[in-house]
Amino acid sequence: MLCRPVRCVPLTETHCRLLLTWSREHELWTPQQWSCVMFSDESRFSLRSASRWTLIWRAPRTHYHQDNTIERNRYGGAGWLVWGGIILGSRTDLHVQSVTMTGHIYRDVILEQHVRLFRGAMGAEFLFMNDNARPHRANIIDKCLQSEDISPYELASILT
C-alpha cells in the first residue's frame with residue numbers, strides 16, 4: 001500500500017525503559033490522584049503546501065515500524081501554534097497563536113491565564129505535566145511556577 005511515512009521524534013531504548021518504569025509506578029493511581037494532574041502540550045500546524053510529501057510502500061499494520069518513519073524535530077514556514085491542557089473531567093480553552101512560543105509568552109499567556117486558574121481550583125495536590133520544550137525550561141518559567149506553588153513534572157525529569 002502506498003502511504004506517507006509517520007513523522008516522529010526518536011526515543012532511545014533507555015528513554016523507553018524509563019518511561020515504562022514511570023508508567024508502572026503510576027499504574028495503580030486512583031482517579032482521585034489523577035484528577036489533580038494537568039497534562040499540557042502544544043502542536044504547530046504548518047501552512048505550507050503538502051507538495052513535499054514522501055510516499056512509501058508498507059505492509060498493512062506496519063505503520064510505526066522504524067523503516068516507515070521519518071524523524072521530525074522542526075517545522076518550517078508560516079503556521080499556527082495550538083496549546084491545550086487536559087485534566088480528568090475538565091480541560092482548558094485552546095490557545096491559538098501565529099507567533100513562535102517563547103518563555104515570556106508561555107509564562108504570560110499559558111501559565112498566567114490557564115494553568116494558574118486550575119492550580120487555584122485544585123489546591124496543593126495539583127501537578128502540572130508538560131514536556132521538555134525549550135520555552136518550558138526557561139528560568140522565568142521556573143520562577144513563575146515556584147511563585148504560584150505549582151509542581152511541574154516534565155518529561156525531562158523522567159528521561160534524565
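Mentor: A residue is called buried when its relative accessible area is under 20%, exposed when over 50%, and partly exposed in between, using a 1.4 Å probe and protein chains only. This is a predicted model, in which local features need pLDDT of at least 70 and side-chain atom pairs count only at pLDDT 80 or more, while totals for chains, interfaces and linings use all residues. Residues are numbered from 1 along each chain as its sequence is written, and side-chain values use heavy atoms, with hydrogens and water left out.

Trainee: What percentage of the residues in the chain is buried?

Mentor: Of the 160 residues in the chain, 30% are buried.

Trainee: Where in the chain is confidence lowest, and where is it highest?

Mentor: Confidence is given by pLDDT, the predictor's value for each residue from 0 to 100. Strands (E, at least two residues) and helices (H or I, at least four) are DSSP runs numbered from the N terminus. Here the lowest mean, 52, belongs to helix α5 (residues 155-159), and the highest, 92, to strand β8 (residues 95-97).

Trainee: Which way do the residues of strand β9 point?

Mentor: In β9 (residues 127-130), Leu127 and Met129 point one way and Phe128 and Asn130 the other, and all are buried.

Trainee: In which sense do β3 and β9 pair?

Mentor: Two strands pair if DSSP finds at least two bridges between them. Strand β3 (residues 37-46) and β9 pair in the parallel sense, over three bridges, with Phe39 standing opposite Met129.

Trainee: Why does Val96 count as partly exposed?

Mentor: Val96, which lies in strand β8, counts as partly exposed because its relative accessibility is 47%.
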